[in-house]
Amino acid sequence: MKKILLAFGIFCFSITCMAQSTKTDLIFDALNLKFSPKALAEAKHDYDLANDTIKAIMLKVYSMPMSSKAELIQNYEERSVEIENLANEFNKSIPKDFIVSLEIRTKDDILHTVEGIDLQIFKKNPKGDPILVDGDWDIEYDSDTLYNLLKVIGWDPMTFSGIKNMMQMANCISLQNGDQTEVGFARSGLGKYSYLIFPTALLTVPQIKEFNDGCQYVYYKKNVVLKYTGGMAGPQCFTD
């Protein structure tokens, strides 16, 4: 009887290992569509060297919706006018000395139903350093909490609705003003792909040198830089 139980235990363990291996292979096969061969090889290498806890975290991250630089570029080519208009309108609507970070998370449905809103409002002190004034995460859409926060920057529901609609037309998810306007395109795992829109028609040579490191920044054209922000786990640089 003990031998039978032992054999059954070994069989179940083998089935579990095979299932886990298949799941892992499927996840990395999906990454092949988003990652360059070099980035995919590095991801597999890091996974092979990781302990079981880190492996589980990596698989969780790589199972999330993933985007790519190719998709970032394609969206800009298809919607460059909408993206530029969005950046300009957002900048005009922010009061002087304020910096606003806004992200709108929507469901993947026809109506783009809003799941939650992240909003942080900063104001520069006399030294020019941004100080958090107010903000919150996962704010309910069309709520008093949202509209009370928006009053800090002089927005009413109509202003917010206009920006939200422009974001939808540009197929983008977030905005932040500053020396450049950061227009977020898509979450990718725990990271995010964005555009940096500079206020001048063309970047200077020093600016191109600063914003073209091949990891977090890739200079694209004219006044546009592609940006990737890594999360707590997963890729920290562009993967394609």
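**Disulfide, strand pairing and nonpolar cores**

Cysteine 215 is partly exposed, because its relative accessibility of 24% lies between the 20% and 50% limits. The model examined here is predicted, and the values that follow are computed from it. Cysteine 237, with a relative accessibility of 27%, likewise falls in the partly exposed class. Cysteine 172, by contrast, has a relative accessibility of 8% and counts as buried, since this value is under 20%.

Cysteine 215 and cysteine 237 are joined to each other in a disulfide, with an S to S distance of 1.8 Å. The two residues are 22 positions apart and link distant parts of the chain. Cysteine 215 belongs to the loop between helix H7 (205-210) and strand E7 (217-221), whereas cysteine 237 lies in the segment after strand E8 (224-229). The angle about the S-S bond is -65 degrees, and the link is left-handed. A search of the whole structure returned one disulfide. In general terms, such a link is a covalent bond between the sulfur atoms of two cysteines.

Strand E1 (residues 98-106) is largely enclosed by the rest of the structure, because seven of its nine residues are buried. E1 has pairing partners in both E2 and E4. With strand E2 (residues 114-124), E1 runs antiparallel and is joined by nine bridges; within this pairing, threonine 106 is bridged to valine 114 of E2. With strand E4 (residues 174-176), the arrangement is also antiparallel and comprises three bridges. Here leucine 102 has leucine 175 of E4 as its bridge partner.

Nonpolar side chains tend to be buried together in soluble globular proteins. In this model, the largest nonpolar core contains 39 residues, of which Leu119, Val183 and Tyr195 touch the most other members. At least two residues of this core are supplied by each of helix H4 (69-93), E1, E2, helix H5 (144-150), helix H6 (157-170), strand E5 (181-188), strand E6 (191-197) and E8. H4 provides the largest share, namely six residues.

The surroundings of tyrosine 195 were examined with its neighbours within four places in sequence left aside. On this basis, tyrosine 195 is in contact with residues including Leu72, Asn75, Tyr76 and Ile83, as well as Thr181, Glu182, Val183 and Phe185. Val224, Val225 and Leu226 are also among its contacts, as is Cys172, the residue classed above as buried.

Definitions and conventions
Residues are numbered from 1 along each chain as its sequence is written. This is a predicted model: local features need pLDDT of at least 70, side-chain atom pairs count only at pLDDT 80 or more; totals for chains, interfaces and linings use all residues. Side-chain values use heavy atoms; hydrogens and water are left out. A disulfide is a pair of cysteine sulfur atoms within 2.5 Å. Helices (H or I, at least four residues) and strands (E, at least two) are DSSP runs, numbered from the N terminus. Buried means under 20% relative accessible area, exposed over 50%, partly exposed in between (1.4 Å probe, protein chains only). Two strands pair if DSSP finds at least two bridges between them. A nonpolar core is a set of buried Ala, Val, Leu, Ile, Met, Phe, Trp, Tyr and Cys residues joined through side-chain atoms within 4.5 Å. Contact means heavy atoms within 4.5 Å.
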